[in-house]
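Have a look at the model first, then read on.

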Amino acid sequence: MTAKNKVLIGLVIAALISRIAPHYPNFTAMGALAFMGANQNKSLFKIIALTFGVLMVSDLFINNFIYPSGSFTLMYKGSLFTYAGFILYAVAGRYAKTGAKGIVALVAGSIGFFLLSNLGVFFSEFSLFPKTASGLAATYAAAIPFYAPELISTALFSAIAYAAEIKLVATAKA
């Protein structure tokens with residue numbers, strides 16, 4: 001098994017656990033799975049499908065066991081926006097380079113995820129704001145406290161994945 005595959009498996013496990021286990025809001029490895037997965041692997045489609053698979057499995061568990069509504073819930077109406085936000089992360093990861101360009105790509109993916117996923121919150125049945133331009137602005141303003149943990153967790157898990165791959169490659173050569 002290659003170092004890249006080992007790191008990818010580690011990211012999948014970290015993403016599943018970090019979504020299901022109690023955690024600080026928006027502090028998960030999901031962004032890193034999409035970003036680093038796409039950065040380190042040849043098939044963008046494979047990484048998007050894998051990311052969606054992890055989201056689906058964890059959403060099924062979260063929606064039906066952690067926050068059950070009384071009936072089976074596959075997704076809430078805004079979920080597709082969140083899933084699409086992770087596509088933006090994967091696209092950013094695909095085009096990310098090392099150094100400053102990689103950081104810019106990660107931040108761009110994070111901003112895209114923020115904008116798209118919170119648009120889904122605005123359109124969902126859980127929105128606390130009216131379906132107006134000012135309601136959309138209020139939705140984005142209310143989401144600002146959730147942005148930093150998402151960006152930090154994605155950067156942290158991505159850095160860990162990157163370091164793990166370097167270590168695994170070096171160990172294999174030794």
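1. **Terms and ground rules.** Helices are DSSP runs of H or I with at least four residues, strands are runs of E with at least two, and both are numbered from the N terminus. This is a predicted model: local features need pLDDT of at least 70 and side-chain atom pairs count only at pLDDT 80 or more, while totals for chains, interfaces and linings use all residues. Residues are numbered from 1 along each chain as its sequence is written, and side-chain values use heavy atoms, with hydrogens and water left out.

2. **How the spaces are found.** On a 1 Å grid over the protein atoms alone, a cavity is a set of points where a 1.4 Å probe fits but cannot get out. A pocket is an open set with protein on both sides within 12 Å along at least five of seven lines, and lining residues have an atom within 4 Å of a point. Grid points are joined across faces, edges and corners, and a volume is the space filled by probe spheres set on the points.

3. **The second largest pocket.** This pocket holds about 350 Å³ of space. It is lined by 17 residues, with F35, M36, K97, G102 and Y162 closest to its centre. At least two lining residues come from each of α2, α5 and α6, and α6 gives the most, with five. By class the lining splits into 10 nonpolar, six polar and one charged; here Ala, Val, Leu, Ile, Met, Phe, Trp, Tyr, Cys and Pro count as nonpolar, Asp, Glu, Lys and Arg as charged, and the others, Gly among them, as polar.

4. **The largest pocket.** Here the space comes to about 1,400 Å³. Of the 42 lining residues, R19, N26, Y76, T82 and V121 lie nearest the centre. Two or more residues come from each of α1 (3–20), α2 (30–40), α3 (44–66), α4 (79–95), α5 (100–123) and α6 (133–173). The largest share of this lining is from α6, with eight residues. The class count is 22 nonpolar, 16 polar and four charged.

5. **N26, worth a look.** N26 sits in the loop between α1 and α2. Its phi is positive, about 65°, although N26 is not a glycine. N26 counts as partly exposed because its relative accessibility is 33%; the scale has buried under 20% relative accessible area, exposed over 50% and partly exposed in between (1.4 Å probe, protein chains only).

6. **α2 is mostly covered.** How many residues of α2 are buried? The count is 10 of its 11, among them M30, L33, F35 and Q40. The buried residues of α2 pack against α1, α3, α4, α5 and α6.

7. **The nonpolar core.** A core here is a set of buried Ala, Val, Leu, Ile, Met, Phe, Trp, Tyr and Cys residues joined through side-chain atoms within 4.5 Å. The largest one has 33 residues, and L11, M30, L33, F35 and F86 have the most contacts inside it. Helices α1, α2, α3, α4, α5 and α6 each give two or more residues to this core, with α2 giving the most, seven. Leaving aside neighbours within four places in sequence, L11 is in contact (heavy atoms within 4.5 Å) with A32, L33, M36, F157 and A161.

8. **Aromatics.** There are 10 aromatic pairs in the structure. Rings of Phe, Tyr and Trp (its six-membered ring) pair if their centres lie within 6.5 Å; planes under 30 degrees apart count as stacked, over 60 as edge-to-face and the rest as tilted. F86 and F113 make a tilted pair, 4.6 Å centre to centre with 45° between the planes. F81, F122 and F123 form one aromatic cluster.

9. **The cavity.** A search of the whole structure turns up one cavity of 30 Å³ or more, and the largest cavity has a volume of about 50 Å³. Its lining includes L11, M36 and A161. The largest share, four residues, comes from α1, and the classes are five nonpolar, three polar and two charged.

10. **G10.** Finally, G10 is in helix α1. G10 and A161 are 151 residues apart in sequence but 8.1 Å apart in space, C-alpha to C-alpha. G10 counts as partly exposed because its relative accessibility is 34%.
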